[in-house]
Amino acid sequence: MARYSQEFKEKIVQKMMPPNAQSIAQIHRDTGVSEPTLYNWRNQYKNAGRAVPADPSNPENWSAEDKLAVVIETACLNEQALSEYCRKKGLYVEQINRWKELALGGYEARGRLSANERRELKQTKKQKRQIEKELKRKEKALAETAALLVLSKKCNAIWGGKEDD
């Protein structure tokens, strides 16, 4: 098993971060370091509180943990330092301010469901699908019945049979 120096690890992890934002597959091809090792390094840096986003192309798709890490990193920066940080990381000051507001307001707390609520939601969705399926079936049957009724009336009109009004 190959051993890598701390400086090498930091250099590689920097390649994963904006503005470079290279994919792990690309770094693997360039350096020869295995992908699981690269994922492990990225996770170590994330767990240490450094922001290493999984999707550098769109910061809005980052996980709540990544966004919170950025908010924490930038909490003590003045406006000039924050602007410099944003340029270096490929972010906007407005994004960080919005993330901070969301974090202060209980970020994603409203979106979390308990296991019971998830189970109920799943059951409700299943019932909805069944009801929609039955509704479609009944609509088809009704359309077929209406078509037969119209056809019956036309046949009676053509052949002069008894009309059932």
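Reader: Among contacts between residues at least 6 apart in sequence, what share joins residues at least 24 apart?
Author: This is a predicted model, where local features need pLDDT of at least 70, side-chain atom pairs count only at pLDDT 80 or more, and totals for chains, interfaces and linings use all residues. Residues are numbered from 1 along each chain as its sequence is written, and side-chain values use heavy atoms, with hydrogens and water left out. A contact means heavy atoms within 4.5 Å. Of the contacts in the protein chain between residues at least 6 apart, those joining residues at least 24 apart make up 44%.

Reader: Which pattern does the protein chain follow along the sequence?
Author: Helices (H or I, at least four residues) and strands (E, at least two) are DSSP runs, numbered from the N terminus. The protein chain has 7 helices and 0 strands. Read in order, the pattern is α-α-α-α-α-α-α.

Reader: Is Trp-41 buried or exposed?
Author: Buried means under 20% relative accessible area, exposed over 50%, and partly exposed in between, with a 1.4 Å probe and protein chains only. In the protein chain, 19% of the 165 residues are buried. Trp-41 has a relative accessibility of 4%, so Trp-41 counts as buried.

Reader: How are the rings of Tyr-4 and Phe-8 paired?
Author: The whole structure holds 3 aromatic pairs. Rings of Phe, Tyr and Trp (its six-membered ring) pair if their centres lie within 6.5 Å; planes under 30 degrees apart count as stacked, over 60 as edge-to-face and the rest as tilted. The centres of the Tyr-4 and Phe-8 rings are 5.3 Å apart and their planes are at 20 degrees, so this pair is stacked.

Reader: Which sequence separation does the pair of Tyr-4 and Trp-41 bridge?
Author: Tyr-4 is partly exposed at 32% relative accessible area, and Phe-8 is partly exposed at 27%. The ring centres of Tyr-4 and Trp-41 are 5.3 Å apart with planes at 85 degrees, so the pair is edge-to-face. Because Tyr-4 lies in the segment before α1 (6–16) and Trp-41 in helix α3 (residues 35–47), the pair ties together parts that are apart in sequence by 37 residues.

Reader: Which residues form one aromatic cluster?
Author: Tyr-4 takes part in a stacked pair with Phe-8 and in an edge-to-face pair with Trp-41. The one cluster is therefore made of Tyr-4, Phe-8 and Trp-41.

Reader: How is α1 oriented to α3?
Author: Axes are lines fitted to C-alpha atoms, for helices over the stretch in contact, and angles run from 0 to 180 degrees between N-to-C directions. Angles under 35 degrees count as roughly parallel, over 145 as roughly antiparallel, 65 to 115 as roughly perpendicular and the rest as oblique. The axes of α1 and α3 come within 10 Å and cross at roughly 85 degrees. That makes α1 to α3 roughly perpendicular.

Reader: Which residues of α6 make the contact with α4?
Author: Helix α4 (residues 64–74) and helix α6 (residues 93–104) have axes that come within 9 Å and cross at roughly 105 degrees. That makes α4 roughly perpendicular to α6. From α4 the contact uses Lys-67, Leu-68, Val-70, Val-71 and Thr-74, and from α6 Ile-96, Trp-99, Lys-100 and Ala-103.
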